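Please walk through this model chain by chain, then look at where the chains meet.

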Amino acid sequence: MQFIGVLLDGIAYASLLFIISAGLSITMGLMQFANLAHGAFAMVGGYACVYGMNALGIPYLAMLPLAFLIAGVFGLVLELALYRRLYEASHLTQVLFTVGVLNVSAASAVFLFGAGSQPIHLPPYLQGQISFLDANISTFRLFTVVLVVAMAVVLASIVQLTRFGAQLRCAVDNRRAAIGMGINVDRLMTIAFTFGSALAGLGGALGVQLLGLDPSFAFKYLVYFLLVVVVGGAGSFVGPLLAALIVGILDTASRYYAPETGSFTLYLLMVALLVMFPNGLYGRAR
Amino acid sequence: MQASFRTVVCLAAVLTAVAARADDLKIGLIAPFSGSETAGLEMDNGIKAFFKLHGDVVAGRKVIVISRDAPTPAPDVARRLAQELVTRDKVDVLAGHLFTPTAIAAGQVSTQSKTPMLIMNAATSGILAKFPYTARASFTVAQTTAPLARWVAKNGMKRVFTIVADYAPGIDSENAFQREFVEAGGTMTGSIRVPLDTIDFASYIRRIQDSETGGVFAFLPAPDQAKNFIKAFRDAGLDKKGVKLVVEGGMLQPQITATLDDDAIGIISSQHYSEDHQSQENMAFVEAYKSVSGNRIPTYISVGAFDAMNMLYKAVEAQAGKLDPVKSVEIWRNMKLESPRGPVSFDPQTRDIVQNIYIRRLERKNGILTNVEFETYDAVKDNGKQ
Amino acid sequence: MTRRLAAAACILAPLCYAIALPDYLVFGSQILVMALLAISLDLLVGYAGIATLGHAAFFGAGAYVAGLLSVHGWGEPLTGVLVAACAAGALGIPIGLLTARSGTLARLMITLGIAVLLYETANRAAGITGGADGLQGMEVWPLLGVFDFDLAGKIGFAYAWCTFVLGFILARFVVKSPFGLSLEAIRDNPLRAAGIGIPVKGRLTAAFVISAAIAGAAGAVLAQTTQVVALNVLSVQLSADVLVILIFGGIGRIYGGLIGAALYMGAHHWMSGLSPVYWQFWLGLVLIACAFLAPSGIMGLMAPRAGGRDT
């Protein structure tokens with residue numbers, strides 16, 4: 001029964017894409033901010049994780065929340081110092097700024113950690129395979145899926161059940177009305193940005209094993225993060241989750257069932273979906 | 001962070017401080033220095049190791065390296081850099097080149113300006129033919145792959161699956177492996193060409209499992225792909241089911257083996273250089289390399305740069321300080337070297353390198369995963385496309 | 001009057017460059033190629049309001065067409081550029097039609113997706129394009145049958161300059177024409193533009209075709225002067241670079257492309273010469289500083305656009 005295995009692999013891949021892209025979806029939806037440097041926060045998490053484990057000997061499971069925190073702090077500082085000044089600027093200025101951040105982050109990573117791919121050595125209990133419904137899946141993938149599902153549940157409850165979530169949904173739907181009702185959208189944005197960066201950092205730390213980590217990480221995977229958010233529809237969690245699942249499962253399945261199609265499947269699918277749903281699967285027309 | 005910025009400034013200042021005099025021997029080195037690619041640094045360190053062992057003066061001329069960053073396989077950038085190095089910096093020799101397209105673009109400049117050129121990596125077969133003043137101190141992918149196929153066939157693996165990166169070098173190696181392996185009586189159980197942006201190998205591993213193959217040959221030289229594939233192979237337990245993994249040596253460079261765990265031990269690979277090669281030349285080279293590079297391990301790219309320097313010095317010495325393009329190529333095509341990789345000679349017709357290809361097993365030696373050579377194919381020529 | 005002067009300065013500035021920096025002519029011709037590409041992108045981004053991340057598709061198509069022509073026995077450069085421009089322009093039709101209805105983000109990703117598909121196609125069709133090894137064996141005939149492309153790049157520069165001037169004049173003509181004004185109307189408000197009878201879809205597709213043809217010509221010139229074509233002409237990196245160059249120079253002003261290409265590539269060349277490993281850091285800082293200090297690009301500092309709104 002390879003089918004279930006392929007499905008599980010696809011879901012694991014999708015989880016990773018989702019956790020890194022979720023924050024991007026919120027910043028793009030809430031402030032219409034085109035943050036091409038979002039992957040840099042995943043990189044911060046990844047490097048923090050590798051450095052903590054290899055140089056300081058901190059165990060992997062402890063490094064994951066730390067990577068979450070460190071990337072969050074990075075996000076908070078950058079948001080307060082730089083990002084927030086450009087919310088009113090044009091999209092193209094934002095592109096210029098975030099491409100600048102991408103360049104700086106790549107060169108800084110080379111300077112601090114050297115060029116080339118970073119090593120990670122997972123603890124033994126996350127290595128190997130386990131059988132699940134007649135199919136084999138790697139333990140680490142299962143761990144990733146479980147962790148991301150847990151995070152997604154937490155996210156969904158925050159957005160759906162808390163006052164903060166209600167404010168966030170309101171601001172995404174209609175920012176001017178939200179401001180008019182006395183919601184402090186700037187503060188909302190700071191929190192959302194910080195949280196999104198932290199999630200990316202966690203994703204980056206998880207991704208060292210599956211995606212790898214080198215100084216060009218943020219640029220290399222930029223297309224994937226954008227793809228998930230734009231196909232899903234910026235401003236929600238459900239859209240990117242749906243898009244990540246479609247991308248992850250279809251990509252994995254096409255590589256198994258039709259490896260000769262290469263990356264054509266993925267990009268043809270993306271173009272087709274966007275032509276059919278110009279605002280994303282879950283987006284609204286603006 | 002402040003301190004690090006200052007160091008960057010100092011570094012930039014040092015790099016510009018290389019003021020050259022007229023009688024200096026200038027090398028224009030074109031390679032990737034920025035971003036995630038480490039090849040430029042490996043070449044640079046290989047050259048520094050050569051300076052440490054043989055001095056930076058040859059036939060009375062001080063040798064100066066002018067580095068230029070060509071981070072991607074963009075021929076227009078390489079052509080521009082080569083042209084400026086030749087006409088403005090007046091370099092005596094062009095060198096470097098990780099990628100084939102940049103080597104070809106600079107090769108045209110070398111031909112037009114009659115500047116000798118030494119390729120330190122760019123491993124596509126047959127690129128020297130059009131450039132009369134060019135020699136290559138590296139290898140070709142077909143050259144390192146073919147002996148592995150013969151070894152695999154000889155050692156009882158009858159059914160092999162190939163998985164290669166879907167770009168020209170990958171296809172070269174797939175062709176070389178399949179040709180040699182089928183000729184030696186083996187059967188191919190399947191082949192996959194993996195898109196270059198692939199990060200998740202789970203599906204491919206499942207496909208390999210389905211094929212019930214006895215062995216797998218892989219050529220996925222991008223570090224992330226190499227690492228992810230080997231990990232996925234191992235996680236799926238294929239090695240425990242008796243499926244043997246053999247790879248082209250580029251997949252087991254030191255920066256990749258550093259990311260692997262003990263269960264990668266036993267992977268067989270073939271290449272022209274291992275840092276563990278047992279010879280006096282290599283011991284001296286490794287020691288010099290470590291001392292100039294902050295204790296890094298030399299790679300096949302650094303040994304390519306080291307040997308290119310050796311070729312350059314020998315040509316300059318033979319011409320008493322001059323470097324005539326025609327005479328230099330004459331010298332290079334008939335040259336024999338004792339390289340850190342072993343004995344090296346050149347094919348007088350094609351000018352391409354002839355060298356030993358070693359079959360190696362990944363083992364833990366002095367605490368680090370090392371490719372240990374255990375069988376040698378002597379004086380292998382490039383048998384790729386002509 | 002001042003506009004004419006500015007246009008004349010734009011056309012003549014490269015000649016001053018050639019006199020001042022005769023050792024850097026190859027670099028100069030590459031700046032001109034990039035400037036032409038940025039100007040063609042400006043027609044879409046600045047005038048028609050279509051953000052795209054796939055402009056390399058047209059550039060690369062032009063480069064490969066010109067390259068393949070000369071590999072297969074037709075090395076005449078001028079006709080090569082014409083054929084390449086036509087081929088790239090033709091490619092503009094389907095892309096223009098596909099993206100005519102989309103919003104900004106969807107357009108960005110659709111154009112990017114199509115460029116990636118083209119890149120993969122060129123990589124796969126190694127028998128035709130040479131794949132990752134690059135297209136080898138280009139034989140470019142002397143320009144006009146007389147001038148051979150020389151090492152120092154004098155002929156190459158003159159050639160790139162002529163192409164640039166023609167492309168520049170064409171682009172300037174387009175944006176000043178009623179057609180160009182209708183593009184600006186669509187950019188500012190597509191619904192109202194449609195309301196006053198502008199055929200939005202047709203105009204945007206036409207803009208794509210013109211822009212693509214100019215980009216294709218730029219690619220062809222690069223291919224002919226480099227005499228190798230590799231996959232980088234189709235890469236996402238190039239699409240992103242040219243967009244950054246355009247924003248850096250200033251969008252919607254035709255001149256922005258040239259200023260952006262000259263300053264950005266000059267800064268890159270200078271910094272990567274000083275520090276081959278860490279130049280990205282300094283260039284990144286320049287971009288960040290530009291976003292804060294000159295949000296409408298360098299041209300925005302020099303000549304704020306009257307009435308217009310930067311989108």
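In chain B, 70% of the contacts with a separation of 6 or more join residues 24 or more positions apart. Two residues are in contact if their C-beta atoms, placed from the backbone, lie within 7 Å. The model is predicted: local features need pLDDT of at least 70, side-chain atom pairs count only at pLDDT 80 or more, and totals for chains, interfaces and linings use all residues. Residues are numbered from 1 along each chain as its sequence is written, while chains are lettered from A and ligands numbered from 1 in the order in which they are written.

Stay with chain B. It holds 12 helices and 15 strands. Both kinds of element are DSSP runs numbered from the N terminus: helices are H or I with at least four residues, strands are E with at least two. The C-alpha trace of chain B spans about 65 × 55 × 40 Å along its principal axes. Its radius of gyration is 21 Å, which agrees with the value near 21 Å for a compact globule of 386 residues. That radius is taken over C-alpha atoms, and the globule rule is 2.2 Å times the number of residues to the power 0.38. Of the 386 residues of chain B, 60% are buried. A residue is buried if 20 or more other C-beta atoms lie within 10 Å of its own, exposed if 12 or fewer, and partly exposed in between, with C-beta atoms placed from the backbone.

Chain B splits into domain 1 (2-139 + 278-351) and domain 2 (142-271 + 357-380). These bounds come from an automatic or database domain assignment. Over C-alpha atoms, the centres of the two domains of chain B are 29 Å apart. Domain 1 of chain B gives 8 residues to the contact and domain 2 of chain B gives 11.

Now the sheet. In chain B, 6 strands form an open, mixed sheet in the order E2-E3-E1-E4-E5-E6. Strands pair if DSSP finds at least two bridges between them. Strand E2 (57-58) and strand E6 (134-136) of chain B are at the edges with a single partner strand each, so one side of each has no neighbour in the sheet. Strand E5 (residues 117-119) of chain B runs parallel to E6(B) over 3 bridges. Ile119(B) has Arg136(B) as its bridge partner in E6(B). Helix H4 (residues 100-113) of chain B lies across strand E1 (25-31), strand E4 (93-96), E5 and E6 of chain B, at about 165 degrees to E5(B). Axes here are lines fitted to C-alpha atoms, for helices over the stretch in contact, and angles run from 0 to 180 degrees between N-to-C directions.

Turn to chain A. It has 12 helices and 2 strands. The radius of gyration of chain A is 19 Å, close to the 19 Å from the globule rule for 286 residues, so chain A is as compact as a globular protein of that length. Buried residues make up 58% of chain A.

Which chains meet? In one interface, 36 residues of chain A contact 37 residues of chain C. H4(A) brings the largest share of the chain A side, 16 residues. That side has 26 nonpolar, 9 polar and 1 charged residues. Ala, Val, Leu, Ile, Met, Phe, Trp, Tyr, Cys and Pro count as nonpolar, Asp, Glu, Lys and Arg as charged, and the others, Gly among them, as polar. In another interface, 31 residues of chain C contact 37 residues of chain B.
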